[in-house]
Amino acid sequence: MNQLDKELQLIKAKVNAMWELVTAQVSSAREALETANHDLARRVVKRDKKVNTYDSKIDRMCENFFALYNPVAVDLRWVLATLKINANLERIGDSAEGIAQQVREIEGTFSPELLEITRLPEMFTAAQDMLQDAFRAFDDQDTTLARELILRDKLLNKINGKKDRILVKYIQAHPDQIDHCLKMSSVLQKLERIGDQVTNIAEEVIFYVDAKMIKHKSMKKKTKGKKDKPDTGEAPSV
Amino acid sequence: MNSIETKDVHLHYGDFHALKGITMAMKKNQVTAFIGPSGCGKSTYLRCFNRMNDLIDNVKITGEILIDEVDIYAKNIRVDDLRKHVGMVFQKPNPFPKSIFENVAYGLRVDGISDKAFIEERVERSLRHAALWDEVKDKLKKSAFELSGGQQQRLCIARTLAIEPSVVLMDEPASALDPISTAKIEELIHELKKDYTIVIVTHNMQQAGRVSDSTAFFYLGELIEYGKTKTIFTSPKDERTQNYITGRFG
């Protein structure tokens, strides 16, 4: 393995570690919310600093890589994609922290009825699965999976889109639950954002593997998955 | 731990003041790159480390140069011994008109070693170290001139390594080579630093970025900036360094 590949491996190892941490943050935030575990929520908030440290470190590693190795073609696309994936992971970390923050402020637990009508558990599961599959797509250079992820984000948008009407009705029936409903609205919004951020990651995977910029294309074009690769070369083996 | 340390080194070629008070320390088992525009003094400074400048008339050197804590300009220093300790690889491959084997064995024979088994073992080890063994092991008796330019340069590196120096100086070692051969030399430099201290002069800033741990920027005989390569290439402190590495002058 040449030095350039070794450097890419070092960046990749750091991104993998960050991905693992962010995934754990989202899982812990969910557990804290479902069990009203304020201590766990506090730990999630505290651990976000570690996510931020990873973010800064990966940014710096990418900056050094650009400056020292002048990457081209697939190496250039990989580092550009990694920079953006890093930024999105950091924001997913912020969303997990935000959810944990809501848990810390809430008194008691959300009622089972509220959880059911807002489809929060379903949304959580979808977001967590998407985050894990995004890692697989990145790791395996699997653009088919990346395109699927873009489609799967629709579910999160749909659930989030219905939340206002559902919560207004619930508040009318349970005026003492306004605080819980506002917090629930915030949590749902954050999960929807996680879906958007995973979509951004999936677009970066497609950019790096297929050399296609799809972020401003229509949903149909994004998910069509034509294999008319315009570029060059294998993806780097990182 | 420092391998090379210089204090207030000045060098004059007659009236021309080529090096102006260079003070710096190069760490052991690291690659240090010297960069700067032509005539900035980087090669002159490099050649101070094995006293190659002694061969030029009207040269005056002042200051102190310590290699492995020994003052190499002290009166009791024998230049032949110094050059066994400080090997050098030049811009153009310069194999001797001998076989591949004899090129690598040359320094050992000059050193008075005649033990055949010892020489064979050292030649193989040096060629392996220079990442050339697999390409030449079946033609060791062939002329060195039959090798490609890149192979000849690695042969010259093997010849340097055979006498087991502590420091290897490289004066633009890949500037006469094609990109593939250059990449091989650069990979080799990464490998060699485990066992040697390497100082490389290069006009190729990307090469300095790829291979070195520390970089020194020279301009008009002065050391302008010296630090970790990552820092020099991402956030240099001096505006002249910034202008040079971004291609705005030089």
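This is a predicted model: local features need pLDDT of at least 70, side-chain atom pairs count only at pLDDT 80 or more; totals for chains, interfaces and linings use all residues.

Biologist: Which residue in the loop between helix H2 and helix H3 of chain A deserves attention?

Modeller: The general idea concerns the backbone angle phi. Most residues other than glycine have a negative phi, and most peptide bonds are trans. A:Asn70, in the loop between helix H2 (38-69) and helix H3 (73-105) of chain A, has a positive phi, near 40°. A:Asn70 has 14 C-beta neighbours inside 10 Å and therefore counts as partly exposed.

Biologist: What is the phi of A:Ala211, and where does A:Ala211 lie?

Modeller: The phi of A:Ala211 is near 60°, again a positive value in a residue other than glycine. A:Ala211 belongs to the loop between helix H7 (178-210) and helix H8 (219-224) of chain A. Because 16 C-beta neighbours lie inside 10 Å, A:Ala211 counts as partly exposed.

Biologist: Let us turn to sheets. What order do the strands S6, S7, S8, S3, S9 and S10 of chain B take in the open sheet?

Modeller: Strands of a sheet pair through backbone hydrogen bonds, either parallel or antiparallel. This open sheet of 6 strands in chain B has the order S6-S7-S8-S3-S9-S10, with mixed pairing. Strand S6 (86-89) and strand S10 (222-228) of chain B each have a single partner strand, so one side of each lacks a neighbour in the sheet. From one strand to the next, the twist averages 15°.

Biologist: How do strand S7 and strand S8 of chain B pair, and over how many bridges?

Modeller: Strand S7 (residues 167-171) and strand S8 (residues 197-201) of chain B are paired in the parallel sense over 5 bridges.

Biologist: Is strand S3 of chain B mostly covered or uncovered?

Modeller: In a regular strand the side chains alternate between the two faces of the sheet. Strand S3 (residues 31-35) of chain B is mostly covered, with 5 of its 5 residues buried. On one side of S3(B) are B:Val31, B:Ala33 and B:Ile35, and on the other are B:Thr32 and B:Phe34, all of them buried.

Biologist: To which strands do bridges join S3(B)?

Modeller: S3(B) runs parallel to S8(B), to which 4 bridges join it, and B:Ala33 stands opposite B:Ile200 in S8(B). Another 4 bridges join S3(B) to strand S9 (residues 214-219) of chain B, also running parallel. There B:Ile35 stands opposite B:Phe217 in S9(B).

Biologist: What pairing is found in the open sheet of 4 strands in chain B?

Modeller: That sheet has antiparallel pairing and the order S2-S1-S4-S5. Its edge strands are strand S2 (16-27) and strand S5 (70-71) of chain B, each pairing on one side only. Strand S1 (residues 2-13) of chain B is joined to S2(B) by 9 bridges, and the two run antiparallel. The bridge partner of B:Asn2 in S2(B) is B:Lys27.

Biologist: Finally, how many residues of chain A are in contact with chain B?

Modeller: 8 residues of chain A are in contact with 9 residues of chain B. H2(A) gives the most to the side of chain A that touches chain B, with 5 residues. By class, that side of chain A has 3 nonpolar, 4 polar and 1 charged residues.

Note on methods:
Residues are numbered from 1 along each chain as its sequence is written. Chains are lettered from A and ligands numbered from 1 in the order in which they are written. A residue is buried if 20 or more other C-beta atoms lie within 10 Å of its own, exposed if 12 or fewer, and partly exposed in between; C-beta atoms are placed from the backbone. Two strands pair if DSSP finds at least two bridges between them. Two residues are in contact if their C-beta atoms, placed from the backbone, lie within 7 Å. Ala, Val, Leu, Ile, Met, Phe, Trp, Tyr, Cys and Pro count as nonpolar, Asp, Glu, Lys and Arg as charged, and the others, Gly among them, as polar. Axes are lines fitted to C-alpha atoms, for helices over the stretch in contact, and angles run from 0 to 180 degrees between N-to-C directions.
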